[in-house]
Amino acid sequence: MKLGARILKTGIAIILSLFLAELFQLPAPVFAGIAAIFALQPTIYRTYLSVIEQIQGNLIGAIIAVLFVLLFGHDILIIGLAAIIVITINLKLKLENTIGLSLVTMVAIMVTPGDTFIEFAIIRFSTVMLGIFSAFIVNLVFLPPKYEKKLFLKILNLSEEITKWIRLNIRHASEHNLLKNDISKMQDTTRKLEALYSLYKEERNYFKKKALSKSRKLVIYRQMISTNKKALETLNKMHRFENDLLMMPEEFQHMVQQQLDIITHYHEHAVLKFIGKVRAHVTFEEGDITLSRKELFSLFLEQQHQLSEDDQVVLAHTMQIVSAMMDYNEQVEHLNILITSFQKFHENDHEISLEENNAEQ
């Protein structure tokens with residue numbers, strides 16, 4: 001089990017909120033700690049949005065609590081009714097994420113008896129606000145989340161895994177059930193990549209030069225994910241219709257193998273070129289044959305004359321493999337163009353360490 005950055009920051013946020021509450025001699029500092037837990041988010045931008053929302057939710061809870069106590073008193077039935085009102089208002093204002101903290105503030109205020117009710121209401125409100133800002137400070141200062149490195153490493157690992165399986169499968173060296181399980185795992189990894197990409201996208205840059213570079217990188221990382229998806233789709237088609245491909249002429253099978261080797265090498269080169277780990281210009285050829293997408297499809301159409309009418313289903317299934325290969329090749333070419341363009345204008349802005357990042361955000 002890893003002690004990730006977010007776990008560590010949650011602990012620090014609680015410590016800071018409790019310390020400040022005690023420093024300012026606020027009663028019931030536990031409410032500051034609770035607010036810090038609610039406010040902490042995986043990115044600085046999300047924490048900022050959370051702070052804005054939590055302030056609104058805290059205000060709603062405090063105002064409703066004060067109004068209900070002044071009008072109806074401290075009865076437990078009144079507290080329950082006030083809770084319903086607070087939840088309704090939050091839902092109407094689309095502040096669903098603040099309902100919990102709104103209720104904490106409301107109950108903390110309404111259960112305070114005595115003549116100093118208004119004073120305690122202000123103190124409770126301030127205590128919760130202190131916890132919210134403590135979470136924001138911690139996320140801003142302590143181990144600010146950096147998702148680019150983690151995103152790239154996961155993309156790189158996934159592309160290496162997919163291309164490895166493609167090479168094994170086209171040589172009929174893969175074990176069917178094992179590959180089936182791994183395809184399912186890789187599909188799950190792809191979905192997680194989408195979430196990680198969203199977190200990276202939300203990271204804010206405060207300098208114009210960095211912002212321009214970031215916008216270009218976003219396009220590249222999106223294309224890397226799309227390319228991995230097409231590679232995984234190609235692998236899935238090959239796995240599903242492996243027996244159909246075996247029924248095609250041997251010369252055609254060999255041609256497909258050569259083309260897939262070229263595409264996978266091209267894919268790996270493009271990803272590593274982005275971080276300057278390989279030479280920019282390399283020619284990928286297997287033997288003396290390198291076909292364009294049009295030539296590959298024409299070669300496939302020629303196989304119709306060598307198959308009987310009973311083998312048309314085999315031809316249809318093989319066409320899905322060829323089509324997936326062509327899409328995969330197109331995505332790799334587009335990725336390479338984007339990376340070449342990026343490096344032309346941002347020559348010194350593509351250095352990413354390949355050491356694993358153990359801090360889970």
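This is a predicted model: local features need pLDDT of at least 70, side-chain atom pairs count only at pLDDT 80 or more; totals for chains, interfaces and linings use all residues.
## Overall architecture

The order of elements along the sequence is α-α-α-α-α-α-α-α-α-α-α-α-α.

The protein has 361 residues, of which 45% are buried. Among contacts with a separation of 6 or more, 81% join residues 24 or more positions apart.

## Nonpolar cores

The largest nonpolar core comprises 54 residues, and Tyr-221, Met-224, Leu-235 and Phe-274 have the most contacts inside it. At least two residues of this core come from each of helix 7 (147–170), helix 8 (176–202), helix 9 (208–240), helix 11 (250–274), helix 12 (293–302) and helix 13 (312–345). Helix 13 provides the largest share, twelve residues.

Beyond its neighbours within four places in sequence, Met-224 is in contact with Phe-152, Ile-155, Val-271, Phe-274, Leu-335 and Ile-339. Another core lies apart from this one; it has 18 residues, including Ile-78, Ala-82, Met-106 and Met-110.

## Packing of helix 5 against helix 6

Two packed helices are described by the angle between their axes and the distance between the axes. For helix 5 (residues 99–110) and helix 6 (residues 117–141), the axes come within 9 Å and cross at roughly 150 degrees. Helix 5 is therefore roughly antiparallel to helix 6, because angles over 145 degrees are placed in that class. The crossing of these two helices is right-handed.

On the helix 5 side, the contact is formed by Leu-101, Thr-105, Ala-108 and Ile-109. Helix 6 contributes Phe-117, Ala-121, Arg-124, Val-128 and Ile-132. By residue class, the contact of helix 5 with helix 6 consists of seven nonpolar residues, one polar residue and one charged residue.

## Lys-154 in helix 7

Lys-154 is located in helix 7. Its relative accessibility is 39%, and Lys-154 therefore counts as partly exposed; the partly exposed class lies between the buried limit of under 20% and the exposed limit of over 50%.

When residues up to four places away in sequence are not counted, Lys-154 touches Leu-193 and Leu-196. Lys-154 and Leu-193 are separated by 39 residues in sequence, while their C-alpha atoms are 7.4 Å apart in space.

Notes
Residues are numbered from 1 along each chain as its sequence is written. Side-chain values use heavy atoms; hydrogens and water are left out. Axes are lines fitted to C-alpha atoms, for helices over the stretch in contact, and angles run from 0 to 180 degrees between N-to-C directions. Helices (H or I, at least four residues) and strands (E, at least two) are DSSP runs, numbered from the N terminus. Angles under 35 degrees count as roughly parallel, over 145 as roughly antiparallel, 65 to 115 as roughly perpendicular and the rest as oblique. A crossing is left-handed if the near helix is turned anticlockwise from the far one by less than a right angle, and right-handed if clockwise. Contact means heavy atoms within 4.5 Å. Ala, Val, Leu, Ile, Met, Phe, Trp, Tyr, Cys and Pro count as nonpolar, Asp, Glu, Lys and Arg as charged, and the others, Gly among them, as polar. A nonpolar core is a set of buried Ala, Val, Leu, Ile, Met, Phe, Trp, Tyr and Cys residues joined through side-chain atoms within 4.5 Å. Buried means under 20% relative accessible area, exposed over 50%, partly exposed in between (1.4 Å probe, protein chains only).
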